[in-house]
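The sequence and the coordinates should be kept in view throughout.

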Amino acid sequence: MAGRFAPRPTRATVRGGETVVPSAAVPRQALAPGRVRVWVPDGPLDLGLVLGPLRRGPGDPTFRTMPDGSVWRTSRTPAGPGTLRVTARGGELRGEAWGPGAEWLLEQLPRMLGAEDEPTAFVPRHRLLALTAHRRPGLRLVRTGLVLESLIPSVLEQKVTTLEAYQAWRLLVRKFGEPAPGPAPGRMCVMPSARTWALIPSWEWHLAGVDNKRASTILRAVRVAARLEEAAGMDPAAARERLELISGIGPWTSAETVQRSHGAPDAVTVGDLHLPGIVGFALGGDRYADDAEMLRLLEPYAGQRHRAARLVLLSGRVPGRRAPRMAPRGIERL
């Protein structure tokens, strides 16, 4: 603990951290058979660290960790909705999938779990990063190959508290999504299709606590959903350029998106309320660092700046809180 208070969970610290995946102590219950793929990574892999950035809060209806050590997530793939269950057993990863998108999810499984990531390309030049990389050898950068499922929740997280953003995602997906295919845990859903997002009435956005600016940005994005999904096949820089052509999507949102959709190791998030101070405090002792100072401190890691920032967040070295947590605005009550 630094200071009088424990560090508060922010969007930066939550996303940079990990999802706790229980050890497989609970016997697995029988499931309806699905399609199966087994993949053996070429090095250590921590399932919670890899998939953690995809979880949008503890009540995310598209993501669930189970007592038996499995991770469940749903996706709207090019082939349709699908449910994926991933389990780590003795150095191998086992994926089971259900629904029209099952084959697509299993085909993408190694890539999603970081098969194309190159953690050895990162050379730590700060003791803190070297220690964290040594303690977290299973960190790989997730790559979903899907743009919209990372873009929409990132837009919802623009300039609001973490709790507000997670609540909006949870309410909208549960109300307008569809039940997860297969034997998924209770209340899991697949996020709405682009057409369904476009048809959500204005009052439903308001009830979910989403202001008109963020709702309008999402509506503009889903109208060109096919063009945005094409960006999954581009390099991260080109994908960000395409995303930022849409009014309301800037560098913060595009970086948050390609970090997940592309596994982009250099897509450092700028414009964040907390991240510059966290990186500045960890690498330079400056809790009041701005974006320019953060980028200066990360310059030695050009090409791997996002990985460096994640290692900073995983190190636990964050400045103590000096003010009360920002209160949610609660526009749905207006």
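In this predicted model, helix α5, which spans residues 148-156, is mostly covered, with nine of its nine residues buried. The buried residues are Leu148, Glu149, Ser150, Leu151, Ile152, Pro153, Ser154, Val155 and Leu156.

Five strands make up an open sheet in the order β1-β5-β4-β3-β2, with antiparallel pairing. At its edges stand β1 and β2 (63-65), each with a single partner strand, so one side of each has no neighbour in the sheet. On average, neighbouring strands are turned by 20° against each other, direction ignored.

Strand β5 (residues 92-98) has five of its seven residues buried, and it is therefore largely enclosed by the rest of the structure. In the order of the sheet, β5 stands between β1 and β4. Towards β1 (residues 35-39), the antiparallel pairing comprises five bridges, and here Val36 has Glu96 of β5 as its bridge partner. Towards β4 (residues 80-89), the pairing is also antiparallel and extends over seven bridges. Within β5, Gly95 is the bridge partner of Val86, while Trp98 stands opposite Thr83. The strands β4 and β5 form a hairpin with two residues between them, and Gly90 in the turn has a positive phi of about 50°. In a regular strand, side chains alternate between the two faces of the sheet.

A helix accompanies these strands. Helix α3 (residues 102-112) lies across β1, β3 (71-77), β4 and β5, and runs at about 10° to β1.

Helix-to-helix packing is illustrated by α4 (residues 127-135) and α15 (residues 305-315). Two packed helices are described by the angle between their axes and the distance between the axes. For α4 and α15 the angle is about 80°, and the axes are 9 Å apart. Because angles of 65 to 115 degrees count as roughly perpendicular, α4 is roughly perpendicular to α15. From α4, the residues Leu128, Leu129, Thr132 and Ala133 meet Ala308, Leu311, Val312, Leu314 and Ser315 of α15. An α-helix has 3.6 residues a turn, so residues three or four places apart point the same way.

The aromatic side chains remain to be described. How many aromatic pairs does the model contain? The count comes to four. One of them joins Trp169 and Trp197, a stacked pair with 6.3 Å centre to centre and 20° between the planes. Trp169 belongs to helix α6 (residues 162-176) and Trp197 to helix α7 (residues 194-198), so this pair ties together parts that are 28 residues apart in sequence. Are these two residues buried or exposed? Trp169 has a relative accessibility of 3% and therefore counts as buried; Trp197, at 0%, likewise counts as buried. Trp197 also pairs with Trp205: the ring centres are 6.0 Å apart and the planes lie at 25°, so this pair is stacked as well. Trp205 is buried, as is Trp197. Together, Trp169, Trp197 and Trp205 form one aromatic cluster.

A further ring is involved in a contact with a charged residue. Arg287 lies over the face of Tyr288, at 5.8 Å from the ring centre.

Notes. Residues numbered from 1 in each chain as written. Predicted model: local features only at pLDDT ≥ 70, side-chain atom pairs only at ≥ 80, totals over all residues. Heavy atoms only, no water. Buried < 20%, exposed > 50% of the residue type's maximum accessible area, 1.4 Å probe, protein only. Helix = DSSP H or I, 4+ residues; strand = E, 2+ residues; numbered from the N terminus. Pairing = 2+ DSSP bridges. Phe/Tyr/Trp six-rings, centres within 6.5 Å; stacked < 30°, edge-to-face > 60°. Lys NZ or Arg CZ within 6 Å of the ring centre and 35° of its normal. Axes fitted to C-alpha atoms, helices over the stretch in contact; angles between N-to-C directions. Parallel < 35°, antiparallel > 145°, perpendicular 65-115°, else oblique. Contact = heavy atoms within 4.5 Å.
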